[in-house]
Amino acid sequence: MITHRIAVPLAGILAGTSFLFVQPAVASPPVVEKKPVAEGYGGAVSTVDLDASKVALGVLRQGGNAMDAAIAAAATLGVTEPYSAGLAGGGFIVYYDARHKKVHTIDGREAAPRAMGPASLEGIPFDEAVTSGLSAGVPGSVAQWELALRRFGTLSLKQALNPAIEVASKGFAVDQTFYEQTAANAARFKDFTSTAKLYLPGGAPPPVGSTFRNPELAETYRQLGRRGGDWLYEGALGAEVVATVKAPPVTPGSTRKIRPGLMETSDLKAYRALERPPTKMTYKGMDVYGMAPPSSGGSTVGEALNILEALPKVGLHEYLEASRLSFADRGRYVGDIPGVPLKELLSDGFAKERACLIGERAMPHPAPPGNPDGRYGPCPVTPSGQAIATPAEGPETTHLVVTDRWGNVVAYNITIESTGGNGIVVPGRGFLLNNELTDFTFGPAPGDPNLPAPGKRPRSSMAPTIVLADGKPLLALGSPGGATIITTVLQILVNRWDFGMSLPQALAAPRASQRNTVQTQAEPGFIDRYGPELTLKGQSFAPTPEIGAATAIEFLRNGRLQAVAEPVRRGGGSALVTSERR
Ligand code: DON
(Lines give C-alpha, C1' and ligand atoms only; values in the text may rest on other atoms or scores of the structure.)
Protein backbone atom coordinates (compact mmCIF):
# COMPACT_ATOMS: atom_id res chain seq x y z
CA MET A 1 0.00 0.00 0.00
CA ILE A 2 1.29 3.43 -0.83
CA THR A 3 1.77 5.20 2.42
CA HIS A 4 1.71 8.68 3.77
CA ARG A 5 4.04 11.51 4.42
CA ILE A 6 6.40 11.05 7.29
CA ALA A 7 5.23 13.37 10.02
CA VAL A 8 8.50 13.42 11.96
CA PRO A 9 12.06 13.01 10.78
CA LEU A 10 13.58 9.56 11.17
CA ALA A 11 14.65 9.41 14.78
CA GLY A 12 17.35 12.00 15.11
CA ILE A 13 19.11 10.99 11.95
CA LEU A 14 19.93 14.57 11.12
CA ALA A 15 19.59 15.87 14.63
CA GLY A 16 20.72 19.39 15.08
CA THR A 17 20.58 20.27 11.41
CA SER A 18 18.53 22.97 9.82
CA PHE A 19 17.76 20.47 7.13
CA LEU A 20 14.12 20.44 6.10
CA PHE A 21 11.97 18.24 3.95
CA VAL A 22 12.21 19.18 0.34
CA GLN A 23 9.47 16.90 -0.87
CA PRO A 24 7.00 14.65 0.87
CA ALA A 25 8.79 11.49 1.86
CA VAL A 26 7.11 8.13 1.69
CA ALA A 27 6.91 6.10 4.85
CA SER A 28 8.12 2.54 4.77
CA PRO A 29 8.52 0.02 7.55
CA PRO A 30 11.54 0.77 9.76
CA VAL A 31 14.69 -0.89 8.56
CA VAL A 32 15.75 -3.51 11.05
CA GLU A 33 17.64 -6.16 9.17
CA LYS A 34 20.52 -6.43 6.79
CA LYS A 35 19.42 -7.59 3.34
CA PRO A 36 21.66 -7.98 0.30
CA VAL A 37 19.04 -7.06 -2.32
CA ALA A 38 16.39 -4.34 -2.33
CA GLU A 39 14.19 -3.17 -5.20
CA GLY A 40 12.09 -0.08 -5.39
CA TYR A 41 11.89 3.55 -6.39
CA GLY A 42 13.05 7.02 -5.60
CA GLY A 43 16.50 6.32 -4.22
CA ALA A 44 18.70 3.42 -3.19
CA VAL A 45 21.87 2.63 -1.32
CA SER A 46 24.19 -0.30 -0.88
CA THR A 47 27.03 -0.47 1.64
CA VAL A 48 28.70 -3.22 3.65
CA ASP A 49 27.00 -2.04 6.80
CA LEU A 50 23.39 -1.68 7.96
CA ASP A 51 24.03 1.46 10.04
CA ALA A 52 25.73 3.25 7.15
CA SER A 53 22.99 2.23 4.71
CA LYS A 54 20.32 3.41 7.15
CA VAL A 55 22.04 6.76 7.48
CA ALA A 56 22.15 7.18 3.70
CA LEU A 57 18.50 6.19 3.46
CA GLY A 58 17.57 8.69 6.16
CA VAL A 59 19.32 11.49 4.28
CA LEU A 60 17.61 10.52 1.02
CA ARG A 61 14.19 10.28 2.62
CA GLN A 62 14.58 13.73 4.09
CA GLY A 63 15.30 15.27 0.73
CA GLY A 64 19.07 15.07 0.64
CA ASN A 65 20.70 14.08 -2.60
CA ALA A 66 22.99 11.17 -3.43
CA MET A 67 26.16 13.09 -2.58
CA ASP A 68 24.77 14.17 0.80
CA ALA A 69 23.82 10.57 1.53
CA ALA A 70 27.18 9.21 0.35
CA ILE A 71 29.22 11.53 2.55
CA ALA A 72 26.97 10.92 5.58
CA ALA A 73 27.31 7.17 5.00
CA ALA A 74 31.08 7.43 4.55
CA ALA A 75 31.43 9.29 7.85
CA THR A 76 29.29 6.60 9.48
CA LEU A 77 31.49 3.87 8.05
CA GLY A 78 34.32 5.71 9.81
CA VAL A 79 32.52 4.73 13.02
CA THR A 80 31.20 1.25 12.26
CA GLU A 81 33.90 0.11 9.80
CA PRO A 82 36.80 2.04 11.33
CA TYR A 83 39.38 -0.44 10.09
CA SER A 84 38.45 0.27 6.46
CA ALA A 85 37.35 3.88 6.40
CA GLY A 86 37.86 7.06 8.33
CA LEU A 87 38.49 10.76 8.30
CA ALA A 88 42.25 10.20 8.16
CA GLY A 89 41.99 8.02 5.06
CA GLY A 90 41.28 8.71 1.43
CA GLY A 91 39.17 7.61 -1.48
CA PHE A 92 37.73 8.18 -4.90
CA ILE A 93 34.25 9.28 -5.92
CA VAL A 94 32.71 8.78 -9.35
CA TYR A 95 29.56 10.89 -9.64
CA TYR A 96 26.82 11.13 -12.23
CA ASP A 97 25.18 14.54 -12.22
CA ALA A 98 21.68 13.92 -13.56
CA ARG A 99 20.86 17.54 -14.27
CA HIS A 100 23.88 18.11 -16.49
CA LYS A 101 24.13 14.48 -17.64
CA LYS A 102 27.79 14.48 -16.84
CA VAL A 103 30.17 12.21 -14.95
CA HIS A 104 32.67 13.76 -12.55
CA THR A 105 35.27 12.27 -10.25
CA ILE A 106 36.82 13.52 -7.04
CA ASP A 107 40.27 12.34 -6.03
CA GLY A 108 40.67 12.33 -2.25
CA ARG A 109 43.74 10.12 -2.35
CA GLU A 110 46.32 10.52 0.39
CA ALA A 111 49.61 12.14 -0.60
CA ALA A 112 53.24 11.58 0.31
CA PRO A 113 54.84 14.23 2.49
CA ARG A 114 57.29 16.53 0.77
CA ALA A 115 60.18 14.88 2.56
CA MET A 116 59.49 11.53 0.91
CA GLY A 117 61.67 10.43 -1.99
CA PRO A 118 62.08 7.38 -4.25
CA ALA A 119 64.30 5.60 -1.72
CA SER A 120 62.28 6.35 1.42
CA LEU A 121 60.69 2.88 1.55
CA GLU A 122 63.59 0.92 0.09
CA GLY A 123 64.65 -2.13 2.03
CA ILE A 124 61.92 -1.82 4.65
CA PRO A 125 60.05 -5.10 5.25
CA PHE A 126 56.45 -4.59 4.15
CA ASP A 127 54.91 -5.47 7.53
CA GLU A 128 57.22 -3.05 9.30
CA ALA A 129 56.27 -0.31 6.89
CA VAL A 130 52.55 -0.93 7.42
CA THR A 131 52.66 -0.40 11.19
CA SER A 132 54.64 2.82 11.25
CA GLY A 133 54.36 6.58 11.10
CA LEU A 134 56.19 6.40 7.78
CA SER A 135 53.29 4.77 5.95
CA ALA A 136 50.75 7.47 6.88
CA GLY A 137 49.81 9.58 3.89
CA VAL A 138 48.44 13.09 4.18
CA PRO A 139 44.71 12.38 4.76
CA GLY A 140 42.37 13.11 1.86
CA SER A 141 38.87 12.21 3.08
CA VAL A 142 37.95 15.44 4.85
CA ALA A 143 39.01 17.62 1.91
CA GLN A 144 37.14 15.26 -0.39
CA TRP A 145 33.96 15.42 1.70
CA GLU A 146 34.06 19.21 1.73
CA LEU A 147 34.68 19.46 -1.99
CA ALA A 148 32.03 16.85 -2.81
CA LEU A 149 29.39 18.59 -0.68
CA ARG A 150 30.28 22.02 -1.97
CA ARG A 151 30.19 20.96 -5.63
CA PHE A 152 27.34 18.48 -5.65
CA GLY A 153 25.65 18.27 -2.26
CA THR A 154 23.11 20.34 -0.37
CA LEU A 155 24.24 19.65 3.20
CA SER A 156 27.06 21.33 5.08
CA LEU A 157 29.84 19.15 6.43
CA LYS A 158 28.36 19.65 9.89
CA GLN A 159 24.98 18.37 8.75
CA ALA A 160 26.50 15.44 6.92
CA LEU A 161 28.45 14.42 10.02
CA ASN A 162 25.48 14.48 12.37
CA PRO A 163 24.22 10.95 11.75
CA ALA A 164 27.71 9.55 12.26
CA ILE A 165 28.02 11.51 15.51
CA GLU A 166 24.82 9.90 16.68
CA VAL A 167 26.04 6.40 15.81
CA ALA A 168 29.41 7.04 17.49
CA SER A 169 27.71 8.36 20.64
CA LYS A 170 24.94 5.81 20.98
CA GLY A 171 27.06 2.95 19.75
CA PHE A 172 26.57 0.08 17.34
CA ALA A 173 26.36 -3.66 17.80
CA VAL A 174 29.67 -5.47 17.42
CA ASP A 175 29.26 -8.09 14.72
CA GLN A 176 31.42 -11.05 13.82
CA THR A 177 33.36 -9.10 11.17
CA PHE A 178 34.23 -6.25 13.55
CA TYR A 179 35.23 -8.76 16.20
CA GLU A 180 37.41 -10.77 13.81
CA GLN A 181 39.08 -7.69 12.37
CA THR A 182 39.88 -6.43 15.86
CA ALA A 183 41.18 -9.83 16.95
CA ALA A 184 43.36 -10.10 13.83
CA ASN A 185 44.88 -6.72 14.69
CA ALA A 186 45.17 -7.23 18.45
CA ALA A 187 48.90 -7.94 18.45
CA ARG A 188 49.75 -4.57 16.93
CA PHE A 189 46.85 -2.59 18.45
CA LYS A 190 48.19 -3.43 21.90
CA ASP A 191 51.51 -1.84 20.96
CA PHE A 192 49.94 1.63 20.87
CA THR A 193 48.41 3.03 24.06
CA SER A 194 45.72 5.00 22.21
CA THR A 195 44.67 2.07 20.00
CA ALA A 196 44.62 -0.46 22.82
CA LYS A 197 42.50 1.90 24.92
CA LEU A 198 39.91 2.31 22.18
CA TYR A 199 39.76 -1.08 20.48
CA LEU A 200 40.97 -3.51 23.15
CA PRO A 201 38.95 -2.40 26.17
CA GLY A 202 39.97 -4.58 29.09
CA GLY A 203 42.77 -5.96 26.94
CA ALA A 204 40.62 -7.86 24.45
CA PRO A 205 38.45 -7.23 21.38
CA PRO A 206 34.88 -6.22 22.27
CA PRO A 207 32.68 -9.33 22.15
CA VAL A 208 30.13 -9.98 19.42
CA GLY A 209 26.77 -8.50 20.38
CA SER A 210 28.18 -5.84 22.70
CA THR A 211 27.58 -2.16 22.00
CA PHE A 212 30.64 -0.27 20.86
CA ARG A 213 30.72 3.47 21.46
CA ASN A 214 33.35 5.92 20.30
CA PRO A 215 32.64 9.19 22.16
CA GLU A 216 36.03 10.62 21.23
CA LEU A 217 35.30 10.21 17.55
CA ALA A 218 31.84 11.71 18.10
CA GLU A 219 33.53 14.75 19.63
CA THR A 220 36.12 14.90 16.82
CA TYR A 221 33.31 14.87 14.23
CA ARG A 222 31.42 17.50 16.24
CA GLN A 223 34.39 19.82 16.25
CA LEU A 224 35.19 19.08 12.62
CA GLY A 225 31.62 20.04 11.73
CA ARG A 226 31.94 23.29 13.65
CA ARG A 227 35.45 24.25 12.58
CA GLY A 228 35.55 22.76 9.09
CA GLY A 229 38.37 20.96 7.31
CA ASP A 230 40.83 23.70 8.19
CA TRP A 231 40.92 22.25 11.68
CA LEU A 232 42.69 19.27 10.14
CA TYR A 233 44.57 20.93 7.29
CA GLU A 234 45.67 24.11 9.04
CA GLY A 235 44.78 23.72 12.69
CA ALA A 236 45.13 21.89 15.96
CA LEU A 237 43.80 18.53 14.78
CA GLY A 238 46.41 18.52 12.02
CA ALA A 239 49.14 19.29 14.54
CA GLU A 240 47.99 16.29 16.59
CA VAL A 241 48.03 14.03 13.52
CA VAL A 242 51.57 15.14 12.70
CA ALA A 243 52.72 14.69 16.31
CA THR A 244 51.28 11.16 16.31
CA VAL A 245 52.93 10.27 13.01
CA LYS A 246 56.30 11.57 14.18
CA ALA A 247 56.16 10.03 17.65
CA PRO A 248 53.64 7.17 17.69
CA PRO A 249 52.26 6.48 21.19
CA VAL A 250 54.09 3.20 21.67
CA THR A 251 53.07 1.10 24.65
CA PRO A 252 55.92 0.92 27.18
CA GLY A 253 57.66 -2.42 26.86
CA SER A 254 56.63 -3.01 23.24
CA THR A 255 59.40 -4.58 21.21
CA ARG A 256 57.93 -3.67 17.83
CA LYS A 257 60.17 -1.62 15.58
CA ILE A 258 58.11 1.45 14.79
CA ARG A 259 59.45 4.00 12.36
CA PRO A 260 58.44 7.62 12.69
CA GLY A 261 56.83 9.40 9.73
CA LEU A 262 57.88 12.33 7.60
CA MET A 263 54.64 14.32 7.61
CA GLU A 264 54.73 18.00 8.56
CA THR A 265 51.91 20.46 9.14
CA SER A 266 53.00 22.13 5.86
CA ASP A 267 52.09 18.88 4.05
CA LEU A 268 48.59 19.07 5.46
CA LYS A 269 48.32 22.68 4.41
CA ALA A 270 49.36 21.83 0.86
CA TYR A 271 46.82 19.02 0.45
CA ARG A 272 43.93 19.41 -1.99
CA ALA A 273 41.15 17.08 -3.07
CA LEU A 274 40.99 17.25 -6.85
CA GLU A 275 38.35 16.99 -9.52
CA ARG A 276 39.66 14.93 -12.41
CA PRO A 277 38.16 13.86 -15.70
CA PRO A 278 36.86 10.28 -15.48
CA THR A 279 38.18 7.47 -17.64
CA LYS A 280 35.68 6.49 -20.30
CA MET A 281 35.44 3.54 -22.62
CA THR A 282 32.62 1.89 -24.47
CA TYR A 283 31.73 -1.74 -23.98
CA LYS A 284 28.99 -3.30 -26.10
CA GLY A 285 27.51 0.15 -26.65
CA MET A 286 27.56 1.09 -22.96
CA ASP A 287 29.74 3.89 -21.64
CA VAL A 288 31.87 2.77 -18.71
CA TYR A 289 33.21 5.59 -16.52
CA GLY A 290 35.90 5.06 -13.93
CA MET A 291 38.66 6.61 -11.90
CA ALA A 292 41.73 7.98 -13.62
CA PRO A 293 45.24 8.08 -12.10
CA PRO A 294 46.36 8.09 -9.41
CA SER A 295 43.97 5.17 -9.46
CA SER A 296 44.62 2.40 -11.93
CA GLY A 297 41.01 1.28 -11.53
CA GLY A 298 39.46 2.99 -14.53
CA SER A 299 42.24 2.27 -16.99
CA THR A 300 42.74 -1.37 -16.01
CA VAL A 301 39.05 -2.33 -15.92
CA GLY A 302 38.57 -0.40 -19.18
CA GLU A 303 41.53 -1.96 -20.96
CA ALA A 304 40.44 -5.47 -19.98
CA LEU A 305 36.90 -4.82 -21.24
CA ASN A 306 38.31 -3.50 -24.51
CA ILE A 307 40.45 -6.61 -24.90
CA LEU A 308 37.42 -8.83 -24.25
CA GLU A 309 35.44 -6.90 -26.83
CA ALA A 310 38.15 -7.58 -29.38
CA LEU A 311 37.86 -11.35 -28.91
CA PRO A 312 35.51 -13.61 -30.85
CA LYS A 313 34.15 -15.14 -27.63
CA VAL A 314 34.20 -14.32 -23.94
CA GLY A 315 34.48 -17.05 -21.32
CA LEU A 316 36.25 -17.31 -17.99
CA HIS A 317 39.56 -18.21 -19.67
CA GLU A 318 39.35 -15.01 -21.73
CA TYR A 319 38.38 -13.01 -18.62
CA LEU A 320 41.53 -14.25 -16.85
CA GLU A 321 43.79 -13.59 -19.83
CA ALA A 322 42.44 -10.09 -20.50
CA SER A 323 42.97 -9.27 -16.84
CA ARG A 324 46.52 -10.64 -16.95
CA LEU A 325 47.40 -8.39 -19.88
CA SER A 326 45.79 -5.26 -18.51
CA PHE A 327 47.65 -5.76 -15.22
CA ALA A 328 50.93 -6.05 -17.14
CA ASP A 329 50.21 -2.62 -18.63
CA ARG A 330 49.01 -1.16 -15.34
CA GLY A 331 52.29 -2.10 -13.67
CA ARG A 332 54.38 -0.57 -16.41
CA TYR A 333 52.50 2.63 -17.24
CA VAL A 334 50.12 3.76 -14.51
CA GLY A 335 50.97 5.89 -11.51
CA ASP A 336 50.63 9.44 -10.28
CA ILE A 337 53.01 10.76 -12.92
CA PRO A 338 52.63 13.06 -15.89
CA GLY A 339 52.15 11.38 -19.22
CA VAL A 340 50.30 8.17 -18.35
CA PRO A 341 49.22 7.00 -21.85
CA LEU A 342 45.61 6.80 -20.77
CA LYS A 343 44.09 7.40 -24.17
CA GLU A 344 46.16 4.66 -25.75
CA LEU A 345 45.66 2.21 -22.89
CA LEU A 346 41.94 2.63 -23.45
CA SER A 347 42.08 2.59 -27.24
CA ASP A 348 40.54 -0.11 -29.41
CA GLY A 349 43.77 -0.34 -31.42
CA PHE A 350 45.87 -1.20 -28.38
CA ALA A 351 43.22 -3.62 -27.13
CA LYS A 352 43.20 -5.45 -30.46
CA GLU A 353 46.96 -5.77 -30.39
CA ARG A 354 46.82 -7.13 -26.85
CA ALA A 355 43.87 -9.42 -27.60
CA CYS A 356 45.79 -11.22 -30.31
CA LEU A 357 48.04 -12.67 -27.61
CA ILE A 358 45.12 -14.59 -26.16
CA GLY A 359 44.76 -18.13 -27.39
CA GLU A 360 43.21 -21.37 -26.26
CA ARG A 361 45.89 -21.82 -23.58
CA ALA A 362 47.02 -19.55 -20.75
CA MET A 363 49.89 -17.41 -21.97
CA PRO A 364 53.35 -17.68 -20.44
CA HIS A 365 53.49 -15.68 -17.31
CA PRO A 366 54.13 -13.10 -16.14
CA ALA A 367 53.07 -11.37 -19.36
CA PRO A 368 55.23 -8.45 -20.47
CA PRO A 369 53.59 -5.06 -20.98
CA GLY A 370 52.50 -3.94 -24.42
CA ASN A 371 53.36 -0.83 -26.33
CA PRO A 372 50.56 1.75 -26.18
CA ASP A 373 52.24 4.01 -28.71
CA GLY A 374 49.39 4.59 -31.15
CA ARG A 375 50.96 2.36 -33.84
CA TYR A 376 49.22 -0.96 -33.74
CA GLY A 377 49.98 -3.76 -36.12
CA PRO A 378 48.66 -7.20 -36.83
CA CYS A 379 49.70 -10.17 -34.69
CA PRO A 380 52.22 -11.17 -33.54
CA VAL A 381 53.36 -8.22 -31.48
CA THR A 382 56.68 -7.66 -29.80
CA PRO A 383 56.17 -7.04 -26.10
CA SER A 384 57.97 -4.13 -24.52
CA GLY A 385 59.59 -3.91 -21.12
CA GLN A 386 59.79 -6.17 -18.17
CA ALA A 387 56.92 -8.20 -16.79
CA ILE A 388 55.61 -7.17 -13.38
CA ALA A 389 53.20 -9.25 -11.31
CA THR A 390 50.80 -7.77 -8.79
CA PRO A 391 50.97 -10.00 -5.72
CA ALA A 392 48.32 -11.15 -3.28
CA GLU A 393 46.08 -8.61 -1.63
CA GLY A 394 43.76 -8.64 1.37
CA PRO A 395 40.08 -7.79 1.60
CA GLU A 396 40.42 -4.27 3.03
CA THR A 397 38.67 -1.02 2.13
CA THR A 398 35.01 -0.41 1.44
CA HIS A 399 32.71 0.78 -1.34
CA LEU A 400 29.27 2.32 -1.33
CA VAL A 401 26.76 3.31 -3.98
CA VAL A 402 23.86 5.71 -3.69
CA THR A 403 21.28 7.12 -6.07
CA ASP A 404 18.58 9.69 -5.37
CA ARG A 405 15.14 10.64 -6.66
CA TRP A 406 16.70 13.03 -9.18
CA GLY A 407 18.82 10.31 -10.72
CA ASN A 408 22.20 11.43 -9.39
CA VAL A 409 24.54 8.54 -8.68
CA VAL A 410 27.58 8.16 -6.43
CA ALA A 411 30.07 5.29 -6.51
CA TYR A 412 32.55 5.81 -3.69
CA ASN A 413 35.59 3.81 -2.59
CA ILE A 414 36.98 4.72 0.82
CA THR A 415 40.04 3.30 2.52
CA ILE A 416 42.70 3.57 5.17
CA GLU A 417 44.59 0.83 3.20
CA SER A 418 45.25 -2.19 5.48
CA THR A 419 42.52 -3.42 7.81
CA GLY A 420 43.21 -1.13 10.73
CA GLY A 421 45.38 1.26 8.69
CA ASN A 422 48.76 1.77 10.32
CA GLY A 423 47.31 0.61 13.66
CA ILE A 424 47.78 3.99 15.32
CA VAL A 425 44.83 5.90 16.82
CA VAL A 426 45.43 9.62 17.26
CA PRO A 427 45.29 9.92 21.07
CA GLY A 428 41.97 11.21 22.33
CA ARG A 429 40.51 11.61 18.83
CA GLY A 430 39.01 8.18 18.19
CA PHE A 431 40.30 7.53 14.65
CA LEU A 432 43.06 5.47 13.07
CA LEU A 433 45.70 6.75 10.70
CA ASN A 434 46.06 5.32 7.20
CA ASN A 435 49.03 3.35 5.85
CA GLU A 436 48.30 4.30 2.24
CA LEU A 437 51.94 5.03 1.41
CA THR A 438 52.62 1.28 1.41
CA ASP A 439 50.78 1.33 -1.94
CA PHE A 440 53.93 2.85 -3.45
CA THR A 441 56.49 0.54 -5.01
CA PHE A 442 59.17 0.16 -2.36
CA GLY A 443 62.02 -0.09 -4.87
CA PRO A 444 64.69 -0.04 -5.98
CA ALA A 445 62.76 -0.15 -9.27
CA PRO A 446 64.17 2.30 -11.81
CA GLY A 447 61.48 3.61 -14.15
CA ASP A 448 58.60 2.28 -12.07
CA PRO A 449 55.74 4.81 -12.32
CA ASN A 450 54.75 4.20 -8.72
CA LEU A 451 57.90 5.05 -6.78
CA PRO A 452 57.41 7.54 -3.95
CA ALA A 453 58.09 11.23 -4.58
CA PRO A 454 57.31 14.44 -2.70
CA GLY A 455 53.57 15.14 -2.72
CA LYS A 456 52.89 12.16 -4.99
CA ARG A 457 49.81 9.99 -4.49
CA PRO A 458 50.37 6.25 -4.38
CA ARG A 459 48.83 4.28 -7.22
CA SER A 460 45.48 2.87 -6.23
CA SER A 461 43.36 0.02 -7.56
CA MET A 462 40.12 1.48 -6.37
CA ALA A 463 37.57 1.32 -9.16
CA PRO A 464 34.26 3.00 -8.43
CA THR A 465 32.45 2.58 -11.75
CA ILE A 466 29.33 4.03 -13.35
CA VAL A 467 27.92 2.59 -16.57
CA LEU A 468 25.60 4.65 -18.77
CA ALA A 469 23.47 3.32 -21.62
CA ASP A 470 21.98 5.86 -24.01
CA GLY A 471 23.32 8.54 -21.69
CA LYS A 472 21.39 7.25 -18.67
CA PRO A 473 22.67 5.37 -15.62
CA LEU A 474 22.46 1.63 -16.01
CA LEU A 475 24.79 0.32 -13.33
CA ALA A 476 27.02 1.65 -10.56
CA LEU A 477 29.40 -0.62 -8.73
CA GLY A 478 32.63 -1.08 -6.85
CA SER A 479 34.41 -3.25 -4.32
CA PRO A 480 37.13 -3.39 -1.67
CA GLY A 481 40.13 -5.68 -1.91
CA GLY A 482 43.29 -3.86 -3.03
CA ALA A 483 44.26 -4.85 -6.55
CA THR A 484 41.49 -7.48 -6.56
CA ILE A 485 39.08 -4.53 -6.70
CA ILE A 486 39.84 -4.27 -10.40
CA THR A 487 39.16 -7.92 -11.13
CA THR A 488 36.04 -7.97 -8.96
CA VAL A 489 34.55 -5.03 -10.83
CA LEU A 490 35.57 -6.59 -14.14
CA GLN A 491 34.18 -9.99 -13.21
CA ILE A 492 30.85 -8.54 -12.09
CA LEU A 493 30.54 -6.66 -15.40
CA VAL A 494 31.41 -9.78 -17.37
CA ASN A 495 29.02 -11.89 -15.27
CA ARG A 496 26.27 -9.39 -15.88
CA TRP A 497 26.79 -8.48 -19.52
CA ASP A 498 28.52 -11.51 -21.03
CA PHE A 499 27.27 -14.39 -18.95
CA GLY A 500 23.72 -13.09 -18.58
CA MET A 501 23.56 -13.22 -14.79
CA SER A 502 21.27 -10.93 -12.84
CA LEU A 503 23.09 -8.35 -10.74
CA PRO A 504 22.56 -10.28 -7.48
CA GLN A 505 23.89 -13.42 -9.18
CA ALA A 506 26.81 -11.47 -10.64
CA LEU A 507 27.84 -10.31 -7.17
CA ALA A 508 27.28 -13.63 -5.45
CA ALA A 509 29.12 -15.73 -8.04
CA PRO A 510 32.49 -17.16 -6.95
CA ARG A 511 35.44 -14.97 -7.90
CA ALA A 512 38.90 -15.33 -9.37
CA SER A 513 41.53 -12.62 -9.63
CA GLN A 514 44.32 -12.82 -12.22
CA ARG A 515 46.84 -9.98 -11.84
CA ASN A 516 49.67 -11.18 -14.03
CA THR A 517 50.75 -13.72 -11.47
CA VAL A 518 51.64 -17.34 -12.19
CA GLN A 519 48.65 -18.57 -10.23
CA THR A 520 45.24 -16.97 -10.21
CA GLN A 521 43.92 -16.16 -6.75
CA ALA A 522 40.47 -17.78 -6.57
CA GLU A 523 37.72 -18.54 -4.11
CA PRO A 524 37.19 -22.24 -3.36
CA GLY A 525 33.75 -22.10 -4.99
CA PHE A 526 35.34 -20.91 -8.21
CA ILE A 527 38.02 -23.60 -8.17
CA ASP A 528 35.50 -26.35 -7.44
CA ARG A 529 33.23 -25.25 -10.23
CA TYR A 530 35.55 -24.07 -12.99
CA GLY A 531 39.02 -25.28 -11.94
CA PRO A 532 39.06 -28.54 -13.91
CA GLU A 533 38.09 -27.03 -17.28
CA LEU A 534 40.34 -23.99 -16.84
CA THR A 535 43.28 -26.12 -15.73
CA LEU A 536 43.03 -27.94 -19.04
CA LYS A 537 43.65 -24.56 -20.67
CA GLY A 538 46.81 -24.05 -18.62
CA GLN A 539 45.34 -21.88 -15.87
CA SER A 540 46.36 -22.60 -12.30
CA PHE A 541 44.84 -21.42 -9.06
CA ALA A 542 45.75 -20.46 -5.51
CA PRO A 543 42.77 -20.71 -3.17
CA THR A 544 41.82 -17.70 -1.11
CA PRO A 545 38.80 -17.61 1.22
CA GLU A 546 37.11 -14.47 -0.13
CA ILE A 547 37.64 -11.83 -2.79
CA GLY A 548 35.91 -8.47 -2.49
CA ALA A 549 32.73 -7.27 -0.81
CA ALA A 550 31.06 -5.45 -3.66
CA THR A 551 28.14 -3.07 -3.71
CA ALA A 552 26.10 -2.08 -6.76
CA ILE A 553 22.90 -0.55 -8.07
CA GLU A 554 21.21 -1.39 -11.35
CA PHE A 555 18.74 0.99 -12.93
CA LEU A 556 15.95 -1.22 -14.19
CA ARG A 557 13.08 -0.17 -16.43
CA ASN A 558 10.55 2.50 -15.54
CA GLY A 559 12.55 3.99 -12.69
CA ARG A 560 12.86 0.76 -10.78
CA LEU A 561 16.10 0.42 -8.83
CA GLN A 562 17.85 -2.72 -7.71
CA ALA A 563 20.38 -2.21 -4.91
CA VAL A 564 22.68 -5.15 -4.31
CA ALA A 565 25.25 -6.04 -1.65
CA GLU A 566 27.07 -9.24 -0.82
CA PRO A 567 24.88 -12.03 0.48
CA VAL A 568 27.74 -13.74 2.35
CA ARG A 569 31.23 -12.25 1.92
CA ARG A 570 32.48 -10.20 4.87
CA GLY A 571 29.30 -11.00 6.76
CA GLY A 572 27.00 -9.67 4.02
CA GLY A 573 26.11 -6.09 3.15
CA SER A 574 23.02 -3.90 3.33
CA ALA A 575 20.95 -2.80 0.33
CA LEU A 576 18.02 -0.42 0.87
CA VAL A 577 15.57 1.56 -1.26
CA THR A 578 13.69 4.65 -0.18
CA SER A 579 10.39 3.12 -1.20
CA GLU A 580 9.42 -0.35 -2.33
CA ARG A 581 6.55 1.06 -4.34
CA ARG A 582 6.41 3.83 -6.83
O1 DON B 1 44.11 2.09 -3.12
C2 DON B 1 44.19 0.89 -3.13
O3 DON B 1 44.13 0.22 -4.11
C4 DON B 1 44.30 0.19 -1.79
N5 DON B 1 45.06 0.97 -0.87
C6 DON B 1 42.93 -0.01 -1.31
C7 DON B 1 42.96 -0.62 0.00
C8 DON B 1 42.73 -2.01 -0.07
O9 DON B 1 41.77 -2.46 -0.62
C10 DON B 1 43.75 -2.77 0.64
N11 DON B 1 43.76 -4.12 0.27
N12 DON B 1 44.66 -4.84 0.35
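Strand 14 (residues 520-522) and strand 15 run in the parallel sense where they pair, over 3 bridges, and strands are said to pair if DSSP finds at least two bridges between them. Helices (H or I, at least four residues) and strands (E, at least two) are DSSP runs, numbered from the N terminus. Within this pairing, Ala 522 has Pro 543 of strand 15 as its bridge partner. The two strands belong to an open sheet of 3 strands in the order 13-14-15, with mixed pairing. Its edge strands are strand 13 (512-513) and strand 15, each of which pairs on one side only.

The model is a predicted one, in which local features need pLDDT of at least 70 and side-chain atom pairs count only at pLDDT 80 or more, while totals for chains, interfaces and linings use all residues. Residues are numbered from 1 along each chain as its sequence is written, and side-chain values use heavy atoms, with hydrogens and water left out.

Leaving aside neighbours within four places in sequence, the residues in contact with Gln 539 (heavy atoms within 4.5 Å) include Leu 320, Arg 324, Ala 362 and Thr 520.

Helix 1 is mostly covered, with 10 of its 12 residues buried, among them Leu 50, Val 55, Gly 58 and Arg 61. These buried residues pack against strand 1 (37-47), helix 2 (66-80), helix 5 (157-170), strand 9 (398-403) and strand 18 (574-579). At the start of helix 1, a side-chain oxygen of Asp 49 comes to within 3.3 Å of the backbone nitrogen of Asp 51, and just after the helix Gly 63 takes a positive phi of about 95°. Helix 4 (residues 141-152) also has 12 residues and reaches 16 Å from its first C-alpha to its last, close to the 16 Å expected. Because 9 of the 12 residues of helix 4 are buried, this helix is largely enclosed by the rest of the structure; Trp 145 and Phe 152 are among the buried ones.

Charged side chains link parts of the chain as well. The structure holds 27 salt bridges, a salt bridge being a side-chain nitrogen of Lys or Arg within 4 Å of a carboxyl oxygen of Asp or Glu. In one of them, the side chains of Arg 457 and Asp 107 meet at 3.2 Å, N to O. This pair links distant parts of the chain, 350 residues apart, with Arg 457 in the loop between strand 10 (409-415) and strand 11 (465-469) and Asp 107 in strand 3 (residues 102-108). Both Arg 457 and Asp 107 are buried. Asp 439 and Arg 109 also meet in a salt bridge, at 2.7 Å, N to O, and here Asp 439 counts as partly exposed at 22% relative accessibility, whereas Arg 109 is buried at 0%. Lys 313, Glu 318, Glu 360 and Lys 537 are linked in a network of salt bridges.

Some details of the backbone remain. Most residues other than glycine have a negative phi, and most peptide bonds are trans. The peptide bond from Pro 293 to Pro 294 is cis, with omega near 20°, and the bond from His 365 to Pro 366 is cis with omega near -5°. Glu 417, although not a glycine, has a positive phi of about 80°, and Arg 570, also not a glycine, has a positive phi of about 50°.

Note on methods. The expected span of a helix is 1.5 Å times one less than its number of residues. Buried means under 20% relative accessible area, exposed over 50%, partly exposed in between (1.4 Å probe, protein chains only). A polar contact is a pair of N or O atoms within 3.5 Å; within protein, one must be able to donate a hydrogen and the other to accept it, and residues adjacent in sequence count only if both atoms are side-chain atoms.
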